[in-house]
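Hi everyone, thanks for coming. Let's take a look at a structure that may be new to you.

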Amino acid sequence: MDEQRDIKPFLYPVTTTPIQRGLPGSITFQSTVVPLQTEAQAACVLNRAASELSGGVGDRTIDAGEALEAEGTSARRSFPAPRFNRKFWSAGDYDPGAGSSAPQHPTVQNRMCVHPEFLHSNATSHKWPFGAVAELLDNAVDEIETGGATRILVDKVIDNRNGSPALLIQDDGGGMDPESLRRCMSFGFSEKQSGSSIGQYGNGFKTSTMRLGADVIVFSRCTKSGGPTQSIGLLSYTFLVETGQTDVVVPVVDYKCNLLRGQTTRLERHGSEQFASNLSVLLKWSPFATEEELMQNFNDIGPHGTKIVVFNFWSNDDGNLELDFDTNPEDIMISGAPNPEEFSSAVKRTNENHLANRLRYSLRVYASVLYLQLPNYFKIILRGQEVKRHSIAADLIYPECVSYKPQVNGRQEAAVLTTVGFLDGAPTISVHGFNIYHKNRLILPFHRVLSSASSKGRSIAGVLEADFIKPTHDKQDFEKSQLFQRLMNRLKEMTNEYWDIHSHKIGYVKTPRVRAAPVPPAPPVMLPIANGAAKPLEWSAPASAVSVSSLRSDSTYVNAVPIAFAPPSFHSAPAGTDGAAPRVPTGSPSNAQIMRINEMTSSSMAPGTDLVETTKRRREDDVLMGSFKKQATNDSVSSSSNSDQVCQYMGERERKEFSFLKLENRMLREECSEFETAEKELLLKEQNLRLQIEKAKEQYKSLLNEYVSVAASPTQKR
């Protein structure tokens, strides 16, 4: 990118050369009067005569002769300081009465008026400048099918009035005829089909251009109907505020052109006087001082296409322009963007250089992922260099494709395929989220579905196209409907499932949890009956009396612990090996020991066991469990000392995560202690119950013997 191209001006050198691209011959201007067309009337005032615009070119009426004289003024003109704030979020605060007020006319009272302040308030729907640029790119992408667009140019140009930068966006689509241009600059009108086009509200051009700058001028050439036409329109917040307008006024001039002869004829739709009035406003408030300079902008448009120039950019709170053209000569940046090379930590530098963070302040990175698919012949050229398309799904390792079938209005929509996986560079990349597209357009980049308080879900990303939910007007979010909430819940489940299955592949381990031995039911109780021998009554003790809720019994594993942060007693197989199971920590009992404990516990509680033998086995169990606890305590002390050494090699983010894991570990230990205390109490209660059962058995035997002796005594007497 050479410096000369970077500062190219709006104004092409004024020469006698003909219009390029097959338009031979010199340019001639003629006048043609066209009957009034009521269809051109829209919500905003278009093509009102200059006599109705008191502030258009001063507080006086300008006729056609004076308008032509205005063409000879210098390209650099001095303008007074604007009456409104150049900071975007304060630009709506101005005094409408400070400027010259436009007179009211009876002929325009029976229609809706749109105050200029609405232009600013309408543009506040865009919180992010790149979201506004994306709206203008969408218009060109929509022209791929309808107008045959093959490229879109985005570049910096210079306003020759004051030397300030401006934004050029140009495409070679079908262009707009005079009626289409007026509809584009009115509110709420859209000719696009919502089923195939990205835009559908008819509001994107106004919100996006007014969000980027105070003024925009549009040049469009069209060959659709009635012969080739050229139209120029100006939407100027500066003009409306400085002249004290109470209605949105958009001056537009039209021309008929002969592409073979290179001749251009004025298309005076509402008379020569109104054409001259609109032209005079364009020459005063646009970057172009003469009509010939306006016409030079069609030289590189070709047979059809549209050129948009946004100028008078807004400033941020620091007083700098929101768009930065100087940091990178091949990119457009957001002012105040961080420089990843300034970070001393390699981990922070790696994360800041990731696409998920760079797209927030680099237009080139954002445009590379803005569309899911584009034809191979379509090019986005940013500041002279083609934007290379980037597939986020190609960055995923261990990818999986998950199908989701939403229910919309009682019927099942087509399956939505979601590609989910770990980002390349995991687990160092602390990025998580899903990239949700709508009709090929990125709406939510890396949208989080899990909380950032835990490491679970770290580096998991996904890509899907959700056409069954509606985006908001700024196309930076979705309407918070029930369909959207159900989708978020499904993506959350999808993330948890993927993490549980694949987290060990990027260096996380799963610690197996030891389940408590099942508690057998209480022994049957012998009850006497009136006739015959006594039979046992089959019953089970109430579950609430003997059952203990297991610690997170619905999951086989505890929270995953990164190997880099785990104590030395934790070991796992190398990443990428699925066959080797993780080694059990030293402080945990082995499988054989667990089986031994279960056997001793079950045998000690078997019905009919002698009380002395039961007590003996209980003592052996206590000795065995005591050795396990002592070993676990020693491992805990050694791991705490090792954890202090690990903390020395961590960054701030890793240290916070490690502290969170230590806190969670401490809470789990306390929870285990509570369960151990409850277990001791239950065992004591069980022992008391067994003693009572033994006493009851002895009492039952004595009563049974007494009953038998009493029943036999009458027989002996007889």
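This is a predicted model: local features need pLDDT of at least 70, side-chain atom pairs count only at pLDDT 80 or more; totals for chains, interfaces and linings use all residues.

Residues are numbered from 1 along each chain as its sequence is written, and side-chain values use heavy atoms, with hydrogens and water left out.

The chain has 17 helices and 25 strands; these are DSSP runs, H or I of at least four residues for helices and E of at least two for strands, numbered from the N terminus. Of its 718 residues, 44% count as buried, meaning under 20% relative accessible area with a 1.4 Å probe, protein chains only.

Now, how do helix α4 and helix α6 cross? Their axes, lines fitted to C-alpha atoms over the stretch in contact, come within 8 Å and cross at roughly 140°, with angles running from 0 to 180 degrees between N-to-C directions. The two are therefore oblique to each other: that word covers what is left after under 35 degrees (roughly parallel), over 145 (roughly antiparallel) and 65 to 115 (roughly perpendicular).

Who meets whom? Contact means heavy atoms within 4.5 Å, and in α4 the residues include Pro-129 and Leu-136, while α6 brings, among them, Phe-205 and Leu-212.

Finally, an unreviewed UniProt entry annotates residues 679-713 as "coiled-coil region"; such annotations may be inferred rather than shown by experiment. In the model, that stretch is 100% helix and 0% strand, with its end C-alpha atoms 50 Å apart.

Conventions. Buried means under 20% relative accessible area, exposed over 50%, partly exposed in between (1.4 Å probe, protein chains only).
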